[in-house]
Amino acid sequence: MKDKVILLNKIDYLFEGYQLLQLLAANKIDEYDKFKQSILEKYGSDSEHTRATLDLVKKILERANEVFREEDVKLYFSEIENEIIPADLVMCWYAAIEKPQDVERTVADIRKEYEQISAAEYDMKFFKELEFDMDDTEFERVVGCEERGIIVEPSKRMRNIFSYIQKMDIKMDSKMRIQDIYLNRDAYVDPICELWEKACTLLREYEDEMQSLCDEWAEYWQRIVEDGRFLPMLGSIVEMDKDAIEKGVCILPTVVQCAGLMVYVYGKLIPMRRRMMTTCRMGVLLGEEFNWNSRMRDDEDRWEEMQPVFKALGDGSKADILMFVKDKPAYGSEIAKQFSLTTATVSHHMNKLVQLRIVQAEMRDGRVYYQAKKDTLREMFEQCKRIFE
């Protein structure tokens, strides 16, 4: 399988530009100093690579803050609710999910693809942006599936989508905004693409520094790929069956999300779709000194790490779902039915629990199954007990 793991040491400006705009919309620049300090304290301040990475990202964010008008970026790239972002609904995240290995594409190429997409395919992608972990039966009922001969007329697709939006567990203003984006998406394309192109152009000013960091990152991970250790390491975070990596895994670096790990498993974006390579985008900080299995060094750090978990479990819905998947895995629609929630709401809860690493996500037969990581939870509560002894 190591021959199917491709490490691509190139900067994907489309992806990086999109990430930059979303960070600006979320006001992450205001939190960056705190983030930088926590990284240096936990993983050592003597690493030249770590300092260079954090300094560059801070410099890019500060430059972008000068170039972009806050209200423009927030209008299109800030979260509406349940992690739904207007630009994602309009563009359907073409840059991240369609051709991840084609890093030479431009915003103009994406715009052309947008103009050529059929109304039926757009509805499918729009609906998947509302809820990625969608049961096939529900998906086909709402928007159909041409590959299987299940056709839903355009007017009925629109009614079905609007009906689904109205059932989502979000505020009425958010529902109206999502419906407006669906109806008037063409009016959103020009300003989104202008901002996107502007972000890509800004990032190219730092190409030499970004590529230098990517080279250091690649030198470490190439060794991991060559000796066959990469997939087991990735499997420690996101368990994937053989079908999920049938076409292999493509690894790309990301600078803007320098500490991030983003895994995109393809093949179920649209039912019956030809399976594609799984893409793993890894922050350039991830390496020998900084990785997703790094342990906190002292009680203060461990307590800081556990607080978001306790906060999440203070949400009754998340706590109930965690108990439901304690002893056996369940997929999104099962959980939604059990607790009378929409699949979009379930997906929002599960994304948070997976992010906190107390729930395991596993691709199986085209569905994402979730199960509580009891060993992780037990270890966490043992740590809590030791802290207060």
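**Entry 1: a pair of helices.** I began with the contact in which Tyr13, Leu14, Glu16, Gly17, Tyr18, Leu20 and Leu21 of H1 meet Leu195, Trp196, Ala199, Cys200, Leu202, Leu203 and Arg204 of H12. Contact here means heavy atoms within 4.5 Å. Helices (H or I, at least four residues) and strands (E, at least two) are DSSP runs, numbered from the N terminus. Helix H1 covers residues 13-25 and helix H12 residues 185-204; they pack at an angle of about 110°, with their axes 8 Å apart. I note that axes are lines fitted to C-alpha atoms, for helices over the stretch in contact, and that angles run from 0 to 180 degrees between N-to-C directions. H1 and H12 are therefore roughly perpendicular to each other. For my own reference, angles under 35 degrees count as roughly parallel, over 145 as roughly antiparallel, 65 to 115 as roughly perpendicular and the rest as oblique.

**Entry 2: ground rules.** This is a predicted model, where local features need pLDDT of at least 70 and side-chain atom pairs count only at pLDDT 80 or more, while totals for chains, interfaces and linings use all residues. Residues are numbered from 1 along each chain as its sequence is written, and side-chain values use heavy atoms, with hydrogens and water left out.

**Entry 3: the whole protein.** I find 19 helices and 8 strands. Of its 389 residues, 54% count as buried. Buried means under 20% relative accessible area, exposed over 50%, and partly exposed in between (1.4 Å probe, protein chains only). Of the contacts between residues at least 6 apart in sequence, 74% join residues at least 24 apart. The accessible surface is about 18700 Å², and 46% of that belongs to carbon and sulfur atoms. These areas come from the Shrake-Rupley method with a 1.4 Å probe; for residues, only the protein chains shown count as cover.

**Entry 4: the sheet.** In what order do the 4 strands of the open sheet come? I read E1-E3-E5-E4, with mixed pairing. Strand E1 (5-7) and strand E4 (261-264) stand at the edges with a single partner strand each, so one side of each has no neighbour in the sheet. Neighbouring strands are turned by 20° against each other on average, direction ignored.

I then went through the pairs; two strands pair if DSSP finds at least two bridges between them. E1 and E3 run parallel, joined by 3 bridges, and Ile6 stands opposite Cys250 in E3. E3 and E5 also run parallel, with 6 bridges; the partner of Ile251 in E5 is Cys280. E4 and strand E5 (residues 278-283) are antiparallel over 4 bridges, with Tyr264 opposite Thr279 in E5. Helix H13 (residues 207-226) packs on the sheet and touches E1, strand E3 (249-254) and E5; its direction makes about 160° with that of E1.

How many of the 6 residues of E3 are buried? I count 6 of the 6, so E3 is largely enclosed by the rest of the structure. One side holds Val249, Ile251 and Pro253, the other Cys250, Leu252 and Thr254, and all are buried.

**Entry 5: helix H18.** I checked the length of helix H18 (residues 343-355): its 13 residues should span 18 Å at 1.5 Å a residue, and its end C-alpha atoms are 18 Å apart, which agrees. The expected span is 1.5 Å times one less than the number of residues. Among the buried residues of H18 are Thr343, Val346, His349, Met350 and Leu353. The buried residues pack against several elements, including helix H8 (119-130), helix H10 (154-167) and strand E7 (359-364).

H8 and H10 also pack on each other, at about 10° with axes 11 Å apart. That makes H8 roughly parallel to H10. Phe126 and Phe127 of H8 are among the residues making this contact, as are Ile161 and Tyr164 of H10.

**Entry 6: positive phi.** Ser340, in the loop between H17 and H18, has phi near 55°. Ser340 is exposed, with a relative accessible area of 69%. Arg357 lies in the loop between H18 and E7, and its phi is about 65°. Arg357 counts as partly exposed at 39% relative accessibility.
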